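Subject: Structure for you to look at

Hello,

Here is the structure I said I would pass on. Please open it beside this message and follow along.

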Amino acid sequence: MDTVLHVVAARPNFMKVAPLWRALSRRGVPQRLLHTGQHRGEAMSDVFFRELGLPAPDLSLGVGSGTHAEAVARVMVLLERVLEEERPGLVSVVGDVHGTLAAALVAARAGVLLAHVEAGLRSFDRAMPEELNRVVVDRVSDLLLAPSPDAEENLLVEGTHPSCIHLVGNLMVDALRAHLPEALQLGQPGRMGLVPGGYAVATLHRPSNVDDAETLSGLVETLAEVARRLPVVFPVHPRTAARLRPDDVARWGREVPGLRLVDPLGYLPFLSLTAQAKVVLTDSGGLQEETTALGVPCLTLRESTERPVTVTEGSNLLVGTDPELLLAEVDRVLRGAGKRGRVPALWDGNAAGRAAEVYAAALTGRSPR
């Protein structure tokens with residue numbers, strides 16, 4: 001059987017590839033793992049491979065970060081050579097980061113069977129670079145693995161042939177369910193002097209929220225106001241850290257002891273924290289999904305989301321960047337009136353098995369069951 005080449009670039013990719021890797025291994029499908037290097041180093045990459053049980057990458061491009069054009073171009077040049085040498089039967093890409101777009105374009109141009117995990121997600125906000133990545137990757141992919149019915153519907157409306165679409169569910173939830181018991185055993189809240197259910201977790205990394213120092217400062221000021229109500233743990237993404245003003249950080253440290261700016265955490269410690277949080281404040285798409293799977297109220301600091309099922313069915317609420325609205329919703333959570341929702345269909349921990357069946361069928365030329 002031909003080989004599946006998984007292309008990963010950033011932390012959210014790792015959580016989705018890990019269960020798929022295991023499911024394909026159980027079917028005896030040969031696999032190779034290529035890391036473009038968008039997220040690299042111990043905190044942003046290496047620890048995730050260890051905790052998720054992923055093997056070390058077979059291939060590493062080491063492209064690092066940069067502008068959209070720079071990152072995409074570097075991956076395309078290097079990956080073109082890899083495909084000539086490796087000749088995989090199928091290239092599997094995940095999500096919406098720059099490495100995903102680059103790999104999809106190269107694979108499509110080379111005529112290699114291309115699968116997109118997490119296909120069909122749309123925010124309908126073309127100002128988001130991730131939105132353009134998602135649209136383009138879906139247009140050139142042969143196998144589109146949708147995590148939810150709304151994603152499937154988006155693809156159909158865009159003219160994708162139904163035979164290319166496979167509603168498999170959410171692979172990130174597979175990883176969460178598999179690792180949640182181990183994460184809870186870590187007791188991460190206690191290690192940080194926190195009481196389970198008595199703190200908030202915050203993350204910020206979207207360019208629209210962090211690239212402008214003034215905008216970012218205003219958002220963290222709002223987090224500081226939240227921290228006057230309950231402790232806030234704020235693992236700071238490297239992109240965000242580079243734009244925080246040192247004077248602001250020092251002032252928050254003096255004036256708001258409840259606001260804890262900490263280094264990025266590994267997958268298991270972070271899952272331990274979020275699973276036991278009172279509320280999560282974020283601009284992350286993956287956290288919107290994870291909090292819905294966990295039943296933890298999530299306040300998303302964006303005006304739109306590519307994961308509307310987390311709002312219509314789950315525990316997610318869009319609050320934008322309005323400080324008054326955010327604080328009002330935090331107060332609702334503290335009164336016990338926070339949104340809980342329910343777990344969407346097919347977010348059952350078996351998405352990887354369904355996806356692996358699609359891959360195996362495509363590699364052997366048969367129709368998946």
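Predicted model: local features only at pLDDT ≥ 70, side-chain atom pairs only at ≥ 80, totals over all residues.

Residues are numbered from 1 along each chain as its sequence is written, and side-chain values use heavy atoms, with hydrogens and water left out.

The strands

Helices (H or I, at least four residues) and strands (E, at least two) are DSSP runs, numbered from the N terminus. Two strands count as paired if DSSP finds at least two bridges between them. In general, strands of a sheet pair through backbone hydrogen bonds, either parallel or antiparallel.

Six strands make an open sheet with parallel pairing, in the order β10-β9-β8-β11-β12-β13. At its edges are β10 (259-262) and β13, each of which pairs on one side only. From one strand to the next, the twist averages 20 degrees. Inside this sheet, β8 pairs with strand β9 (residues 232-235) in the parallel sense over two bridges. Val-201 stands opposite Val-233 in β9.

Strand β1 (residues 4-8) pairs with strand β2 (residues 31-35), also in the parallel sense, over five bridges. Gln-31 in β2 is the bridge partner of Val-4. Five of the five residues of β1 are buried (under 20% relative accessible area; exposed is over 50%, partly exposed in between, with a 1.4 Å probe and protein chains only). Val-4, His-6 and Val-8 point one way from β1, and Leu-5 and Val-7 point the other way.

The axes of helix α7 (residues 171-186) and helix α13 (residues 267-275) come within 8 Å and cross at roughly 85 degrees. The two are therefore roughly perpendicular to each other. Axes here are lines fitted to C-alpha atoms, for helices over the stretch in contact, and angles run from 0 to 180 degrees between N-to-C directions. Angles under 35 degrees count as roughly parallel, over 145 as roughly antiparallel, 65 to 115 as roughly perpendicular and the rest as oblique.

Residues in the contact (heavy atoms within 4.5 Å) include Leu-176 and Leu-180 of α7 and Leu-268 and Leu-271 of α13. Helix α13 also lies across β8, β9 and β11 (279-282), running at about 130 degrees to β8.

Salt bridges

The structure holds 26 salt bridges (a side-chain nitrogen of Lys or Arg within 4 Å of a carboxyl oxygen of Asp or Glu). One of them joins Lys-16 to Glu-118, with the closest N and O atoms 2.8 Å apart. Lys-16 lies in helix α1 (residues 11-26) and Glu-118 in the loop between β5 (113-117) and α5 (129-140), so the pair ties together parts that are 102 residues apart in sequence. Lys-16 counts as buried because its relative accessibility is 4%, and Glu-118 is buried at 7%.

Glu-306 and Arg-206 also meet in a salt bridge, at 3.6 Å from N to O. Both Glu-306 and Arg-206 are buried. A network of salt bridges links several residues, among them Lys-16, Glu-118, Arg-206 and Glu-306.

A further salt bridge, between Arg-342 and Glu-313, has an N to O distance of 3.1 Å. Its partners are 29 residues apart. Glu-313 counts as partly exposed, at 24% relative accessibility.

Regards
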